[in-house]
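Please read the following walk through a protein model with the coordinates open beside the text.

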Amino acid sequence: MFKKTEKVKKDLQEEIRAVTTLTDAEQLKIKYLGRKGIIQDFMKLIPTLPAEQRAAFGQQINALKAEAANFIEDAIGKLSREAIPKVNNEIFDITLPGKLPVTGKKHPLTQTIDDVKEVFARLGFDVVYGPEVELEYYNFEALNIPADHPSRTDFDTFYIKNDILLRSQTSTVQIRVMEKQKPPIRIIAPGKVYRPDTVDARHSFMFHQIEGLLVDEGVSFADLKEVLNQFIKTYFGKDVRMRFRPSFFPFTEPSAEVDISCSLCSGKGCSVCSYSGWVEILGAGMVDPHVFKAVHYDTEKYTGFAFGMGVERITMLKHGISDIRLFYENDIRFLSQF
Amino acid sequence: MKISYNWLKEYAYFYLSPEELADKLTNAGLVVADIKPVEDDYCLEVEVTSNRPDCLGIIGITREVIAAVGGELHIPDTDFETLSAKVTKFIDVTVEDPVLCPHYTARVVRHVTVRPSPEWMQKKLRCIGIRPVNNIVDITNYVMMETGQPIHAFDLDKISDQKIVVRRALDGEMIVVINGVKRALFHDMLVIADSKRPVAIAGVMGGKETEVSDSTRNILLECALFEPGHVRRTSKELGVFTDSSYRFERGTDPGGIELASKRAVKLMKELADGEIVSGVIDIKQREYEKKRIPLRIERLQKILGIEIKRDIASDILKRLQFTIVNEIDNFIDVVVPGFRGDIYREIDLIEEIARIYGYNNIPAKTSICVRGSIKSKYEAVEDCIRQFFIGLGFYEVKTFSIVDVSPLQSVKLWSEQEALDIANPLRQEESRMRTSLLPSLINARRYNVNHGNESIKIFEIARVYLAGNKLPHEKTCLSLLIDADFFTLKGIIESLVLYLGISLKREWIPFSEPKLFRDERAAKIQLDDKTLGYLGEASRELGFKTSFCLSELDMDFLVEKSNFEKRYHPLSPYPPVFRDLAIIVDEEVSWTSIEKCITATHISFLKGVNFFDVYRGKQITAGKKSVAFSLCFQAEDRTLKSEEVETAEWTILDVLHTTLDAELRKL
């Protein structure tokens with residue numbers, strides 16, 4: 001019996017050497033290892049042997065089976081590796097485009113609001129909101145803009161009826177916050193505002209503003225300058241320069257308009273900055289004592305500053321967008337660029 | 001305001017090019033928006049803020065230049081010889097409303113020759129965009145542009161009975177103004193009248209009948225002070241805005257009347273060969289009192305955050321023509337010149353000092369304390385929702401809150417109340433506050449489809465405006481539009497709700513709003529028995545070729561119910577067992593009722609019921625459907641035995657059979 005198994009092993013080795021195709025190798029596998037194959041035939045003999053020989057023979061057969069399987073699999077592996085270039089001459093083109101998952105984008109105005117919120121959050125400012133349909137009082141009187149005052153010319157407003165209007169500035173939120181809360185106060189208030197402007201490339205009857213307010217003891221104009229400096233450097237870039245110009249807002253005194261050096265021409269002068277090298281980005285100032293009086297704050301004890309910026313304006317500046325209407329057309333080809 | 005560079009130089013010596021001058025003015029708060037060469041001069045377009053009417057005259061702007069660079073102001077000489085005849089012989093003035101006209105002056109110039117003004121005057125007027133008319137009219141314009149004080153010249157011979165009355169208009173009174181337009185006056189309006197009729201709308205515009213013409217011989221020159229608020233109201237009501245009303249409504253200098261009046265008659269003598277009548281009609285309510293304000297240097301330093309010295313502060317104030325009455329220790333006692341009506345408080349003086357000191361010379365430095373800012377729940381949820389939708393390929397849009405009055409825009413998803421309308425809309429297209437974002441999203445889709453964009457997925461987070469008591473309720477909504485079927489969008493919403501940690505009971509109730517949704521393909525979503533929002537396939541009436549789905553959710557409610565507090569649940573070490581079942585039920589039996597039936601069995605190790613298919617076809621009796629689902633069984637404490645699972649399965653089938661008449665579908 002032992003000799004027989006040795007012979008089988010030898011035969012197999014010879015046959016394997018002769019095999020040249022994968023099909024032949026598969027045939028060989030069936031011949032030796034199949035259910036009706038040579039090795040299985042040996043297995044069937046086991047019960048016919050005397051009991052004392054069965055175990056040893058069994059081991060022998062198993063060893064043979066393992067060896068045979070190794071030989072055949074090696075051969076198959078070798079042949080199939082060789083077979084590939086012959087059977088299949090396709091090339092795996094790694095330069096074919098990938099399958100892009102669909103992604104969306106935040107609206108560019110939201111991106112600006114989020115960026116500004118983040119800068120000011122790091123400076124300790126909380127985000128608050130106020131109503132868009134507002135009482136005239138919050139939009140005007142409380143902000144030191146009395147009726148029949150020429151400063152109202154700068155604030156044309158949509159009215160719903162009598163003393164109810166669509167806020168024309170987010171400064172309304174200052175009053176609403178201060179009415180409810182005592183200093184210290186550190187807030188920013190983003191939101192929609194409305195002005196009856198005819199729509200063109202630079203005007204929209206609805207747009208967004210972000211208002212900021214800080215009130216505490218001992219707050220000065222120098223603090224205002226530094227806080228805005230931090231914001232400008234973080235948001236527009238370290239090399240951007242800042243300029244404060246005296247201006248007038250009824251709710252701040254002193255009031256300033258803040259310019260930054262034109263990023264497009266680095267201050268040399270171009271069409272974006274009207275050849276001045278500067279672009280206006282926000283209005284700011286120390287909170288007017290009249291405003292504090294409206295909310296019953298002690299004007300001797302507390303001082304504060306406020307600032308406001310147009311979201312569309314700074315987004316247009318940052319991305320070189322020339323027409324404000326693009327923000328509200330919502331063309332996916334536009335939205336996907338930001 | 002437009003100013004001439006050469007003209008400005010007549011009042012002060014300075015060595016600044018037009019560009020340098022523009023820079024100085026801009027840094028002092030008078031933004032020069034444009035510099036244009038005109039003939040041999042330059043026209044500077046200066047933006048004057050509404051608080052600075054004193055800069056609506058070239059002398060006023062010169063004062064600012066002097067404050068910035070130093071120097072002395074040269075006020076034109078106003079000495080002249082007069083006739084011996086007294087002005088009262090030629091005109092009688094009565095002011096009936098001294099509140100609206102606190103100061104009225106009149107002078108008379110006789111025997112003028114009306115002809116073109118000299119070239120030097122015409123040139124300056126042309127430079128700042130004023131069309132020369134004749135010497136008299138040009139002089140009134142010239143003096144107004146020079147001093148900022150509007151003046152008006154009447155043809156004295158056309159004033160009935162040589163009488164001027166400053167009074168309120170009578171109801172129904174009319175006046176033909178200089179530009180030939182006939183205007184009805186209201187009772188409230190202040191007019192300048194003669195014995196018969198109004199001859200001018202006070203501070204706004206003169207009348208046609210008494211205007212200076214080529215044949216005019218004698219001039220009545222009015223130079224007055226009118227109440228700013230009243231001029232503004234009148235001008236607004238009539239829709240007439242003039243250089244004169246622009247200045248009066250901002251507040252003119254009560255101390256500047258004499259200069260302007262004298263300057264004008266002197267020029268009439270020089271340029272129109274007029275003879276000035278002696279004296280002036282001067283009706284003044286009270287003597288003008290100059291304001292006196294004490295300034296604390298300590299306060300100045302506190303507001304500005306710099307160690308600015310008293311002498312620097314007082315020097316700046318002097319350069320601005322303020323009078324320093326007293327200066328001791330930390331105080332400066334300041335008297336404000338009449339032309340600075342905007343200065344009446346200490347803080348106003350502080351701004352003046354800061355402005356001239358130079359905002360850019362104040363260092364940027366801060367000592368504000370460190371403070372942590374915590375994101376509000378709203379902010380956190382909003383961020384989370386945006387990220388969720390962007391990840392799913394949605395673009396965020398922003399649309400207008402003011403919409404048209406079309407039926408689509410009048411959908412009432414959130415309130416039965418009527419929408420709020422704008423009282424003074426610009427156009428009909430934008431005249432109503434929206435009550436839903438969905439019509440705007442539909443329009444955004446239309447815009448995109450028309451521009452060749454496909455597979456639209458958009459969302460918006462914005463407010464809708466629902467009529468309330470005094471102010472409306474502004475509800476924040478989350479609205480979605482997707483080019484996909486109902487169940488895709490429903491799945492997205494279900495997923496969002498879970499993403500926000502909301503495990504409250506949800507229900508989908510049939511809903512109908514034919515303007516928005518296709519019939520029988522819309523649902524109201526209930527969360528914890530309250531309305532979370534609406535979902536449906538877009539109505540065919542909207543006129544699109546392809547179908548899409550819409551949803552609007554109550555964002556405030558989502559925020560309220562969101563739960564980001566997470567607790568760990570131990571993972572079961574025992575394997576789950578899945579069993580797929582298909583049952584045949586009547587067409588009317590909803591999935592919700594099947595699901596409820598199954599969960600009502602309260603099998604402790606039943607971990608999930610997942611629908612996967614509904615089938616209607618040949619093998620199924622008409623009026624019935626086959627619903628296939630997968631059951632997931634898993635115990636926390638043991639490996640389930642197959643008998644347990646089998647028993648559970650039969651329990652479920654049994655309940656489905658008894659309650660819903662369901663049969664197991666044999667495959």
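In chain B, B:His152 stands opposite B:Glu222, a residue of strand 13. The model is predicted, so local features are given only at pLDDT of at least 70 and side-chain atom pairs only at pLDDT 80 or more, while totals for chains, interfaces and linings use all residues. Residues are numbered from 1 along each chain as its sequence is written, chains are lettered from A and ligands numbered from 1 in the order in which they are written, and side-chain values use heavy atoms, with hydrogens and water left out.

Strand 6 (residues 151-155) and strand 13 (residues 219-225) of chain B run antiparallel and are joined by five bridges; strands are DSSP runs of E with at least two residues, helices are runs of H or I with at least four, both numbered from the N terminus, and two strands pair if DSSP finds at least two bridges between them. Five of the five residues of strand 6 of chain B are buried, so the strand is largely enclosed by the rest of the structure, where buried means under 20% relative accessible area, exposed over 50% and partly exposed in between, for a 1.4 Å probe and protein chains only. Both faces are covered, with B:Ile151, B:Ala153 and B:Asp155 on one side and B:His152 and B:Phe154 on the other.

Helix 6 (residues 228-238) of chain B has several buried residues, among them B:His230, B:Val231 and B:Ser235, and what covers the buried residues of this helix includes strand 7, strand 9 and helix 7 (243-250) of chain B. At the start of helix 6 of chain B, a side-chain oxygen of B:Glu227 reaches to within 3.3 Å of the backbone nitrogen of B:Gly229, and just after the helix B:Gly239 takes a positive phi of about 70 degrees.

Helix 7 of chain B holds B:Ser245, which is buried with a relative accessible area of 1%. Leaving aside residues up to four places away in sequence, B:Ser245 touches B:Gly203, B:Val204, B:Val231, B:Ser235 and B:Val240, a contact being heavy atoms within 4.5 Å. The side chain of B:Ser245 also reaches the backbone nitrogen of B:Thr242 at 2.9 Å.

In chain A, the axes of helix 5 (residues 108-122) and helix 10 (residues 311-319) come within 9 Å and cross at roughly 100 degrees. That makes helix 5 of chain A roughly perpendicular to helix 10 of chain A, a term for angles of 65 to 115 degrees.

Methods. Polar contact = N/O pair within 3.5 Å; in protein donor to acceptor, adjacent residues only side chain to side chain. Axes fitted to C-alpha atoms, helices over the stretch in contact; angles between N-to-C directions. Parallel < 35°, antiparallel > 145°, perpendicular 65-115°, else oblique.
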